[in-house]
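Please look at the sequence and the model before reading on.

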Amino acid sequence: MERTAIIPGSFDPITNGHLDVIFRSSKLFDKVYVAVLSNSAKSPLFSLEERVELIKRVTGNFENVYVESFSGLLVDFARKKNASFIIKGLRAVSDFEYECQMALANKNLAEDVETLFMTSSPTYSYLSSSIVKELAKHNAPLENLVPDEIVQDIYNKYKNV
Ligand code: PNS
């Protein structure tokens, strides 16, 4: 049986921390879906279409990684894709409480879908999309924080602000 995993998130924008979890997951599962949340309460810097496109651009070399948007419940998306695993990256203990709550809520909705936590690589343990946006706003370097191919897209968002 094919083992399929979902990596959900807002990805506003994708960081090297996200990419690290996607890459490592792609080695463990037959298929990995990066699921980009479309109806986030937050008002994102990048539109849904832009976020999907940026992720596709930087995961193009991973043969078993697919990028899609989703709305509604994550477990419904997982069922639609026949995925039995949700992968969440954990950077620090501070991530754990919220992620544990989400994992239990999802387990309550779908007994057959397991959430697995993947520890961030130490290099990325402080990294988040919010930090990247804060740095970009002040024109600070983004090298090593996000893939080179998307650095300019991020700066461009702040050009005329
Ligand atoms: O990158 P984020 O913003 O931390 O990702 C959050 C995400 C997309 C994983 C989470 O908001 C989510 O799964 N939303 C879909 C709604 C849902 O299924 N919630 C869980 C049950 S309450």
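The sections below go through the model, the ligand, the pocket, the cavity and the backbone.

## Basis of the values

The model is predicted: local features need pLDDT of at least 70, side-chain atom pairs count only at pLDDT 80 or more, and totals for chains, interfaces and linings use all residues. Residues are numbered from 1 along each chain as its sequence is written, and side-chain values use heavy atoms, with hydrogens and water left out.

## Ligand surroundings

The residues around the ligand are P8, G9, S10, L37, K42, F70, G72, L73, L74, K88, M102 and N106 (a residue is near a molecule if one of its heavy atoms lies within 4 Å of it). Of the ligand's area when taken alone, 560 Å², the protein buries 74% (Shrake-Rupley method, 1.4 Å probe). By class, this shell has six nonpolar, four polar and two charged residues. Here Ala, Val, Leu, Ile, Met, Phe, Trp, Tyr, Cys and Pro count as nonpolar, Asp, Glu, Lys and Arg as charged, and the others, Gly among them, as polar.

The ligand sits in the largest pocket (more than half of its atoms lie within 2 Å of the grid points). The elements giving two or more residues to the shell are β1 (4–9) and α4 (93–109); helices (H or I, at least four residues) and strands (E, at least two) are DSSP runs, numbered from the N terminus.

## Largest pocket

The largest pocket holds about 1100 Å³ of space. It is lined by 39 residues, and P8, G9, S10, K88 and E99 are the closest to its centre. On a 1 Å grid over the protein atoms alone, a pocket is an open set of points with protein on both sides within 12 Å along at least five of seven lines; a cavity is a set where a 1.4 Å probe fits but cannot get out, and lining residues have an atom within 4 Å of a point. Grid points are joined across faces, edges and corners, and a volume is the space filled by probe spheres set on them.

Two or more lining residues come from each of β1, α1 (16–28), β4 (85–90), α4 and α5 (129–137). With eight residues, α4 gives the most. The lining divides into 17 nonpolar, 15 polar and seven charged residues.

## Largest cavity

There is one cavity of 30 Å³ or more, and the largest cavity has a volume of about 40 Å³. Its lining consists of L74, I86, K88, E99, M102, A103, N106 and T115. β4 and α4 are the elements that give two or more residues to this lining, and α4 has the largest share, four residues.

## Backbone features

Most residues other than glycine have a negative phi, and most peptide bonds are trans. The bond from D12 to P13 is cis, with omega near 0°; P13 is in the loop between β1 and α1. N139 has a positive phi, near 60°, and is found in the loop between α5 and α6 (148–158).
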